[in-house]
Amino acid sequence: MASAEHIARRLQRLEWTTRYRPVHISTLFLGAFSPQDQKDFLYAPGGEFQGEAAQLLDALGISIAGKPADAVHSEFQRAGFFLTHVLECPMEGASTLPAEVQGALKARLPALATRIRRSLKPKRVMAVTEALAPAVEDIVRLDLG
């Protein structure tokens with residue numbers, strides 16, 4: 001059972017993410033699980049892009065220097081990019097990806113595939129984290145694009 005605080009954080013992140021979801025997704029970036037720290041979460045409104053968020057924006061050539069978070073989010077959205085995670089809640093102590101986390105990733109893939117096919121409908125899907133390495137073959141078998 002999830003605590004009320006956990007559910008509130010999850011709903012807050014869902015609200016932030018939904019605000020910047022493109023109508024037509026050209027590239028869906030797929031992470032393993034949401035980052036623990038809000039500063040690492042791409043769609044957080046604070047504008048302190050660090051960790052996963054900063055690495056993804058840098059790799060895409062989206063500059064964050066001197067821009068408010070809303071402008072960065074809008075640029076990401078206009079490009080048709082969208083980031084989601086196999087496990088939408090942060091995992092505590094998941095840096096080594098123990099067997100139970102790998103199992104959770106693989107167990108969530110059918111629901112994720114349904115969401116991608118029915119709702120997100122991207123032109124292509126790209127894994128953006130090494131944490132998905134144990135599940136890459138399973139993801140490819142889903143034939144998501």
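Author: Two rings of Phe, Tyr or Trp count as a pair if their centres lie within 6.5 Å. In this predicted model, a search of the whole structure finds 7 aromatic pairs.

Reader: Why is the pair of Tyr 43 and Phe 76 called edge-to-face?

Author: The ring centres of Tyr 43 and Phe 76 are 6.2 Å apart, and the limit for a pair is 6.5 Å. The two planes stand at 75°, whereas edge-to-face requires over 60 degrees.

Reader: Which residues does Phe 76 touch, apart from its neighbours within four places in sequence?

Author: Phe 76 is in contact with Phe 29, Leu 42, Tyr 43, Leu 56, Leu 57, Leu 60, Ile 62, Phe 81, Phe 82 and Leu 83. In the largest nonpolar core, which has 39 residues, Phe 76 is one of the four that touch the most other members; the others are Leu 42, Tyr 43 and Val 86.

Reader: Which helices and strands each supply at least two residues of this core?

Author: Strand 1 (27–33), helix 2 (51–59), helix 3 (69–78), strand 2 (81–87) and helix 4 (99–120) each do. Helix 4 gives the largest share, 7 residues.

Reader: What do the buried residues of helix 3 pack against?

Author: They pack against strand 1, helix 2 and strand 2. The residues concerned are Ala 69, Val 72, His 73, Ser 74 and Phe 76. Gly 80, with a positive phi near 80°, follows the helix.

Reader: How do you know whether Leu 132 is buried or exposed?

Author: The relative accessible area of Leu 132 is 0%, and buried means under 20%. Leu 132 is therefore buried. Its place is the loop between strand 3 (124–127) and helix 5 (136–141). Beyond four places in sequence, Leu 132 is in contact with Leu 30, Gly 31, Ala 32, Val 86, Leu 105, Ala 127 and Ile 139. Leu 132 and Phe 33 are 99 residues apart in sequence, with their C-alpha atoms 9.2 Å apart in space.

Reader: And is Thr 27 buried or exposed?

Author: Thr 27, in strand 1, has a relative accessible area of 3%. The limit for buried is under 20%, so Thr 27 is buried. Leaving aside neighbours within four places, its contacts are Gly 80, Phe 81, Phe 82, Arg 124 and Met 126.

Reader: What is the case for Ala 59, buried or exposed?

Author: Ala 59 lies in helix 2. Its relative accessible area is 66%, and exposed means over 50%, so Ala 59 is exposed. Ala 59 is 18 residues from Phe 41 in sequence and 16 Å from it in space, C-alpha to C-alpha.

Reader: What makes Arg 10 and Glu 88 a salt bridge?

Author: Their closest N and O atoms are 2.5 Å apart. The cut-off is 4 Å between a side-chain nitrogen of Lys or Arg and a carboxyl oxygen of Asp or Glu, so the pair qualifies. Arg 10 lies in helix 1 and Glu 88 in the loop between strand 2 and helix 4, so the bridge ties together parts that are 78 residues apart in sequence. The structure holds 9 salt bridges.

Reader: How many residues apart are Asp 138 and Arg 141, and how does that relate to a helical turn?

Author: Asp 138 and Arg 141 are 3 residues apart in helix 5, so about one helical turn separates them. Their side chains form a salt bridge with an N to O distance of 2.8 Å, against a cut-off of 4 Å.

Reader: Which other residues are linked in a network with Asp 138 and Arg 141?

Author: The salt-bridge network also includes Lys 106 and Glu 137. Asp 138 forms a salt bridge with Lys 106, with the closest N and O atoms 3.5 Å apart. Asp 138 in helix 5 and Lys 106 in helix 4 are 32 residues apart.

Methods. Residues are numbered from 1 along each chain as its sequence is written. This is a predicted model: local features need pLDDT of at least 70, side-chain atom pairs count only at pLDDT 80 or more; totals for chains, interfaces and linings use all residues. Side-chain values use heavy atoms; hydrogens and water are left out. A nonpolar core is a set of buried Ala, Val, Leu, Ile, Met, Phe, Trp, Tyr and Cys residues joined through side-chain atoms within 4.5 Å. Buried means under 20% relative accessible area, exposed over 50%, partly exposed in between (1.4 Å probe, protein chains only). Helices (H or I, at least four residues) and strands (E, at least two) are DSSP runs, numbered from the N terminus. Contact means heavy atoms within 4.5 Å. Rings of Phe, Tyr and Trp (its six-membered ring) pair if their centres lie within 6.5 Å; planes under 30 degrees apart count as stacked, over 60 as edge-to-face and the rest as tilted.
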